[in-house]
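Reader: Hey, can you walk me through this one? I'm new to this, so please keep it simple.

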Amino acid sequence: MKQIIKLMTLAILVSLQSCDKQEIEKDIALNANSPETGVLPNELGNHNTAHNCATVSQFGPNSYWSNTLVNTSETNFLKQQNNNASNLFGISNVPLYFAAGSGTFNALSYGPPNNYIIWGEEMLSGALNYGRSAVAYIVAHEVAHQIQFRQGYPSVRGASNTELEADGFAGYFLRRSYTSNWSDVIPAYNFSQSIAGSNGSSHGTAAQRRSSVRLGWLLANNGTLSNANLDYNFFYYYNSYILPGKLKSSNIEKPKKIDQGLHEFMLTKIKELNDIHSGKISEEEYANLSNN
Ligand SMILES: [Zn+2]
């Protein structure tokens, strides 16, 4: 009897839904590819764990969930980079969701319990205007926020430290996983500058971001680091050597946690990093720095 009632209820529901084709399509639009049933992209802004990486705070009212952004090839490239970054930082592939349509110039990283990233279509096409390395860079920056959310980084508190470290992780990722040519990083860096605005807001100043990306790139020189070591090294060199007035002599004793070979290499780069931060190395000169 119970089964019959269930079947009848189902039949009534199906027939009711069939009456309104538009309603069915709306339901599909609401549910397909959505991280949460029945939510539109612009309704996810309520989550206070969301990390917003662009200048717009939410997705627009006409945005919708999609399984492809731009085209299949670029969507697959984006997914591949996301998985490569997840793999490099030792976590299972971060779930990705895609918001298409107008008002989607954004990428959002959601902390626990969601632990997913939402990419907007306009963000992807904007990055592609600069080149695929710009996509790889933003991907790694967003995955870095997942590492921070889940594993409790940055270990050092300070204004913009979350963003600067994500840039450092992205620079490290590009070197370890994407390219051995520094020149490939420049389109990525230029895109990130274009969306952060001239004063950089929470993402730090242009000089801070430039030195963070380069520092991450250089820290990748001697092999793979654990997330804990990458975090530790990043702030050790950033705070001890890069910040104005902090340039220290090469005789200073190295912390035990830092690899001797890497430290010796980093000491050859301290002046360069210092000059990037101070602006002595111009943006143009920055683009022409050596591969290592
Ligand atoms: Zn960010």
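Predicted model: local features only at pLDDT ≥ 70, side-chain atom pairs only at ≥ 80, totals over all residues.

Reader: Is helix 11 mostly covered or mostly open?
Author: Mostly covered: 7 of its 9 residues are buried. Buried means under 20% relative accessible area, with exposed over 50% and partly exposed in between (1.4 Å probe, protein chains only).

Reader: Which ones are buried, and what do they pack against?
Author: In helix 11 they are I270, E272, L273, N274, D275, I276 and H277. They pack against helix 8, helix 9 (227-242), helix 10 (260-267) and helix 12 (283-287).

Reader: How do helix 8 and helix 11 sit together?
Author: Helix 8 (residues 206-219) packs against helix 11 (residues 270-278) at an angle of about 160°, and their axes are 7 Å apart. So helix 8 is roughly antiparallel to helix 11. Axes are lines fitted to C-alpha atoms, for helices over the stretch in contact, and angles run from 0 to 180 degrees between N-to-C directions. Under 35 degrees counts as roughly parallel, over 145 as roughly antiparallel, 65 to 115 as roughly perpendicular and the rest as oblique.

Reader: Which residues in helix 8 meet helix 11?
Author: A207, Q208, R210, S211, R214, L215 and L218 do, and on the helix 11 side they meet E272, L273, I276 and H277. Contact means heavy atoms within 4.5 Å.

Reader: R210, is that buried or exposed?
Author: R210 is buried, with a relative accessible area of 7%. Leaving out residues up to four places away in sequence, R210 touches Y189, I276, E283 and Y286.

Reader: New topic: which way do strand 4 and strand 5 pair?
Author: Strand 4 (residues 107-110) pairs with strand 5 in the antiparallel sense, over 3 bridges. Two strands pair if DSSP finds at least two bridges between them. These two form a hairpin with 6 residues between them, and N115 in the turn has a positive phi of about 55°.

Reader: And how does strand 3 run with strand 5?
Author: Strand 3 (residues 96-100) runs parallel to strand 5, joined by 4 bridges. L96 has I117 as its bridge partner in strand 5.

Definitions and conventions
Residues numbered from 1 in each chain as written. Heavy atoms only, no water.
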